Amino acid sequence: MPSSSPVSHLSRRGLLAAGGAAGLGALLAACGSDSGSGSGDDSKGKGWSFTDGREKKVTLDAVPERIVAYTATAAALWDFGVRDKVVGVFGPTKKKNGEPDVLAGEMDISKVKIIGNAFGEFDLEKYAKLRPQLLISNMYLKDALFYVPDESKDKIYKLAPQVAMKAAGIPMDEVIRQYAKLAESLGADVKAKSVTDAKARFEKAAERVRKAAKSGIRVMAAAGAPDLFYVSDPDASTDLQYFKQLGVDLVKPEKLSKQGFFEELSWENADKYKADLIILDNRTQSLQPKALKSKPSWNDLPAVKAGQVAGWAAEPRFSYAGAAPLLEDLAEAIEKAKKVR
């Protein structure tokens, strides 16, 4: 069921929100005959197919023209050139002040209908009215589309086919390549200059990280909540897995939570692992350095005392344009850091 606890919000891969919804029959009736899929713009027999992270081949009679996607998924597709086809999004999209959430990336959020803006939110009625032809989200746990409420997923899945993009257990560069394939299948020009330039920037930044990592600076990827300090597992998260491949010395937690991905520490034990540099979850639901100042154990950490704390996009945008700045920021943070363990 939905939960407002810090653990629920921070365990991004393990959370499949539950939510109430109106009866499917009533929604379909409200939408009329437009609830079907298919596109009149594509020639008959051309069809569309894509094999997703479940190794499931998803097929349609034509390239989908009305896509609803998880915010971070939509943002990655936007970078690859899939824009007008994304008509709706769900997940953290707009902050209270109206500005785009960090997960929205460069996407113009005024161009999409937000059918859920937080954990546990997925408006089934709004979704149905969008006449979706395809639903796309990341997949952190087997067969589970991220941010699709578990309790209403059966009703949601009846409205359109789904594509699950594997976002755990493989390095970030492989996830990005899969996104490029998806975008290309949806009609994007992945050889456009904007994409190739972003890829070149990504590759250059990766080499910079590889070079910086030779300094031996130990990095801890973490997130803060009011009652708990989370230390992430570099063998689970796609970005950390890639950083590790580039040679970054990352703290490996010993006792992972039930669903994996991180170890939960009480604030009294926040000093369990030694690190020269802390990269801190920058998502809206995670406490940032200013808020963490009230935690004495946070202030006592050697990396914090040395001012060696950098932002971490714990949920990366799986595109070259989205990932290149993450690599650049990591490289800069490592280059500036000094050993304090």
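**Before you select anything**

This is a predicted model, in which local features need pLDDT of at least 70 and side-chain atom pairs count only at pLDDT 80 or more, while totals for chains, interfaces and linings use all residues. Residues are numbered from 1 along each chain as its sequence is written, and side-chain values use heavy atoms, with hydrogens and water left out.

**Stop 1: the whole chain**

Helices (H or I, at least four residues) and strands (E, at least two) are DSSP runs, numbered from the N terminus. Of the 341 residues in the protein, 53% are buried. Buried means under 20% relative accessible area, exposed means over 50%, and partly exposed is in between, with a 1.4 Å probe and protein chains only. Among contacts between residues at least 6 apart in sequence, 73% join residues at least 24 apart; a contact means heavy atoms within 4.5 Å.

**Stop 2**

Select 228-232, which is strand β9. Five of its five residues are buried, so β9 is largely enclosed by the rest of the structure. Show the side chains: Leu-228, Tyr-230 and Ser-232 point one way, and Phe-229 and Val-231 the other way.

Strand β8 (residues 218-224) runs antiparallel to β9 and is joined to it by three bridges; two strands pair if DSSP finds at least two bridges between them. A hairpin of three residues links β8 to β9, and Ala-222 has Val-231 in β9 as its bridge partner. Strand β11 (residues 262-266) is also antiparallel to β9, with five bridges between them. Here Tyr-230 stands opposite Glu-264 in β11.

For a parallel pair, select 67-70 and 86-90. Four bridges join β3 (residues 67-70) to β4, and these strands run parallel. The bridge partner of Val-68 in β4 is Gly-88. Strand β4 (residues 86-90) is mostly covered, with five of its five residues buried.

**Stop 3: the largest pocket**

Select Val-102, Asn-282, Ala-313, Gly-322 and Leu-326, which lie nearest the centre of the largest pocket among its 26 lining residues. Its volume is about 410 Å³. On a 1 Å grid over the protein atoms alone, a pocket is an open set of points with protein on both sides within 12 Å along at least five of seven lines, and lining residues have an atom within 4 Å of a point. The lining has 15 nonpolar, four polar and seven charged residues.

Which elements each supply at least two residues of that lining? They are α8 (238-245), β13 (309-312) and α12. Helix α12 gives the most, with seven residues.

**Stop 4: along α12**

Select 320-336, the 17 residues of helix α12. At 1.5 Å a residue they should span 24 Å, and the end C-alpha atoms are 24 Å apart, which agrees. The expected span is 1.5 Å times one less than the number of residues. Buried residues in α12 include Tyr-320, Leu-327, Leu-330 and Ile-334.

**Stop 5: residues worth a zoom**

Start with Ala-303, in helix α11 (residues 302-305). Is Ala-303 buried or exposed? At 1% relative accessibility, Ala-303 counts as buried. Among the residues Ala-303 touches, not counting those up to four places away in sequence, are Ala-275, Leu-277, Val-309 and Val-340.

Move to Tyr-157, in helix α5 (residues 153-157). Tyr-157 is partly exposed, with a relative accessible area of 23%. Leaving out residues up to four places away in sequence, Tyr-157 touches Leu-135, Leu-145, Val-148 and Gln-162.

Glu-55 has a positive phi of about 65 degrees although it is not a glycine. Look for Glu-55 in the loop between β1 (48-51) and β2 (57-60), where it counts as exposed at 67% relative accessibility. Phe-261, also not a glycine, has a positive phi of about 80 degrees. Phe-261 sits in the loop between β10 (249-250) and β11 and is buried, with a relative accessible area of 9%.

Conventions:
1 Å grid on protein atoms, 1.4 Å probe; cavity = no way out; pocket = protein on both sides within 12 Å on 5 of 7 lines; lining within 4 Å. Points joined across faces, edges and corners; volume = space filled by probe spheres on them. Nonpolar A, V, L, I, M, F, W, Y, C, P; charged D, E, K, R; others polar.
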